[in-house]
Amino acid sequence: MKTRNALSRREFLAGSAGLAAGMPALNAAETQVPATVPITASRLALNGGPKAVTLAPKLGKRWGEPERERLNGLISQDTLFYWKGPQTTQFVERFKQICPLEYVMPCSSGTAALHIAVLAAGVGLGDEVITAPITDIGTVIGVLYQQGIPVFADLKSNSYNLDPTDVARRITPRTKAIIAVHLCGNPCQLRELRALSDQHGLVLIEDCAQAWGARYQGHPIGTIGHIACFSLQNSKHITCGDGGVVASSDKRFGPVLQKFGDKGYDRTHGGLFEVIAPNYRMTEAQAAIAGAQLDRLENIVRRRSELGNLMTQKLGGIRGIHPHAVDERDRCGYWFYFLRLDPRKLQCDRAEFVKALVAEGVEAGAGYIAVPLHRNPVFLKHGFFSGRWPVKEMGLTTMDYSKHETPEAEAILKTGVRLTIHEGMSEEYVLSAAEAVRKVAAHYAG
Ligand SMILES: Cc1ncc(COP(=O)(O)O)c(C=O)c1O
């Protein structure tokens, strides 16, 4: 008898490739897998069988000497303020090499970047902004603070990004902007969204918070829309704990990004205040770390992209499983990998499926955010500002989030399974994780 651990990689791959979906599970008395039995046909780890995954996916250190060096430099500076600060200046120059946009404003968070973007876009009282219902709430906080109306469009079933057809359907004379969220680092259908924006005179804002280093048909992410926003929060591909960047090459928006992140003060031209805005400035300490992190970005995203695509390749053809759909012309940075279960083809619920996957040794979780944004109590009660919503009370919108429907987004959140992908993982881990999905799906195949 040979355990799964004792199988060579060649044996393991050869065995798993031959799996017939629906193969019966081994009988309950067996605790080890004979060499001739592929891992996918063995008893579930949940039921005491061997684990499909025996490698621990270690992330490794995310910062080290390069960050320390920048921080040492910081200590000998005579300023820690962003404006003309050496760390911020270096960060901006490096950012422009990765995302070639003319005007770049580093700021305190992704939420801040998005708020600055909607300020620059001129979103105001009663203006509608179409965006995705599956995203971080930071995508729409700025819209709400500007007394704009987030309008949630539905998503494509397997890319989990805005469906341009549904976006078009929701455009009204009040629509001012579209915020395209590149969920999980998967580029949206930007050509279609940009065409809609141009046709209706809208501002296209790209929410690249999860999409550092992604590419849309060869273009760096953030360069197709009018304004790009990034997050440097701790969970992102690169980070300084908290931070963000907003950038644009558009002469209407780029030159005002700085003042909209700096209390309305135009530091290039000085003068009197013509607008007010929050203080969303980044500090030199954040810029120091973020600058060093930018040097790590390409390796991180290249690796995640390879591993995520490998996962997709290996999940192909499994009954009951829909892999994460990425256009082959794009580069997805897989902030995480999101597959969907087809409940009609599996005789278990999602919780059971995920429990079985985790027991197999896969880093997995059920869904992403609990419900589409507009199903949260604050939206259902329209209680954004101390329990009230002035624009609705003033009759400037008829929006009723309790009646707002995005059925595909609802379904995605009910059937999605999150798999961790990160740059510290080996191909072997990804191959065995895919085998685990195959094994669990085969077990529950209806
Ligand atoms: C898609 C998306 N948009 C916006 C944000 C907000 O970024 P931050 O947390 O830096 O404010 C996040 C962060 O989680 C995000 O994932």
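## Contacts, size and cores of the chain

In this predicted model, 71% of the protein chain's contacts with a separation of 6 or more are between residues 24 or more positions apart. The protein chain contains 14 helices and 13 strands.

### Overall size

For 446 residues, a compact globule would have a radius of gyration near 22 Å, and the protein chain, with 24 Å, agrees with this. The C-alpha trace spans about 80 × 55 × 40 Å along its principal axes. The accessible surface of the protein chain is about 18700 Å², and carbon and sulfur atoms hold 53% of that surface. Of the 446 residues in the protein chain, 56% are buried.

### Nonpolar cores

In soluble globular proteins, nonpolar side chains tend to be buried together.

| Core | Size | Residues include |
|---|---|---|
| Largest nonpolar core | 95 residues | Phe95, Ile205, Trp212, Ile227, Phe230, Leu232, Val246 |
| Second, separate core | 35 residues | Ile321, Leu339, Ala356, Ala436 |

The residues named for the largest nonpolar core are those with the most contacts inside it. Helix 4 (residues 110–120) supplies the largest share of this core, 8 residues. At least three residues of this core come from each of domain 1 (4–59 + 297–368 + 412–444) and domain 2 (65–293).

Which residues does Phe230 touch, leaving aside those up to four places away in sequence? Among them are Phe95 and Trp212, both also named for the most contacts inside the largest nonpolar core. Phe230 also touches Cys99, Ser109, Gly110, Ala113, Cys208, Ala209, Ile221, Gly243, Gly244 and Val245.

How values were computed
Residues are numbered from 1 along each chain as its sequence is written. This is a predicted model: local features need pLDDT of at least 70, side-chain atom pairs count only at pLDDT 80 or more; totals for chains, interfaces and linings use all residues. Side-chain values use heavy atoms; hydrogens and water are left out. A nonpolar core is a set of buried Ala, Val, Leu, Ile, Met, Phe, Trp, Tyr and Cys residues joined through side-chain atoms within 4.5 Å. Buried means under 20% relative accessible area, exposed over 50%, partly exposed in between (1.4 Å probe, protein chains only). Helices (H or I, at least four residues) and strands (E, at least two) are DSSP runs, numbered from the N terminus. Domain bounds come from an automatic or database domain assignment. Contact means heavy atoms within 4.5 Å. The radius of gyration is taken over C-alpha atoms; the globule rule is 2.2 Å times the number of residues to the power 0.38. Accessible areas come from the Shrake-Rupley method with a 1.4 Å probe; for residues, only the protein chains shown count as cover.
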